[in-house]
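Subject: A structure for you to explore

Hi,

I am passing on the structure we talked about, and I hope you enjoy turning it around on your screen. Have a look first, and then read on for what was found.

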Amino acid sequence: MEQVGEKQDFESTLTRHGMLHEDFMLRVSRPVEDAWSHDYIVTVVAIAPGIRRRYIGGPRHDWVDQFAIDVAHGVYGRP
């Protein structure tokens, strides 16, 4: 994730929306059912309110863009 700049893109999205990096936690895992896939699951947790969402990452997916859409729609507490 860091190798392709997704973590930096995630942090930039937080900054753009006036959110603190420290208020969020990321967890990355691989789907067990498809060991050959390059896809992965990113769980984003807004720590204080306990909001967590899962996004699909990988070569054909832009989880940061989906996260940004959710932020813009107020999913993480701020519209």
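Leaving aside its neighbours within four places in sequence, which residues is Ala-68 in contact with? Before the answer, a word on what you are looking at. This is a predicted model, where local features need pLDDT of at least 70, side-chain atom pairs count only at pLDDT 80 or more, and totals for chains, interfaces and linings use all residues. Residues are numbered from 1 along each chain as its sequence is written, and side-chain values use heavy atoms, with hydrogens and water left out.

Now the answer: Ala-68 touches Thr-13 and His-17, where contact means heavy atoms within 4.5 Å. Ala-68 lies in helix 2, which covers residues 63-72. With a relative accessible area of 16%, Ala-68 is buried (buried means under 20% relative accessible area, exposed over 50%, partly exposed in between, with a 1.4 Å probe and protein chains only). The C-alpha atoms of Ala-68 and Asp-9 are 9.8 Å apart, although 59 residues separate the two along the chain.

Next, the overall layout. The protein contains two helices and three strands, and their order along the sequence is α-β-β-β-α. Helices (H or I, at least four residues) and strands (E, at least two) are DSSP runs, numbered from the N terminus. Of the 79 residues, 33% are buried.

The three strands make an open sheet in the order 1-2-3, with antiparallel pairing. Strand 1 (24-29) and strand 3 are at the edges, each with a single partner strand, so one side of each has no neighbour in the sheet. On average, neighbouring strands are turned by 20° against each other, direction ignored. Two strands count as paired if DSSP finds at least two bridges between them. Strand 1 and strand 2 are joined by six bridges, with Phe-24 opposite Ala-46 in strand 2. Helix 2 packs on this sheet and touches strand 1, strand 2 and strand 3, and its direction makes about 145° with that of strand 3. Such angles run from 0 to 180 degrees between N-to-C directions, with axes fitted as lines to C-alpha atoms, for helices over the stretch in contact.

Strand 2 (residues 40-46) and strand 3 (residues 51-57) pair over seven bridges, and Ala-46 also stands opposite Ile-51 in strand 3. These two strands form a hairpin with four residues between them, and Gly-50 in the turn has a positive phi of about 75°.

Happy exploring!
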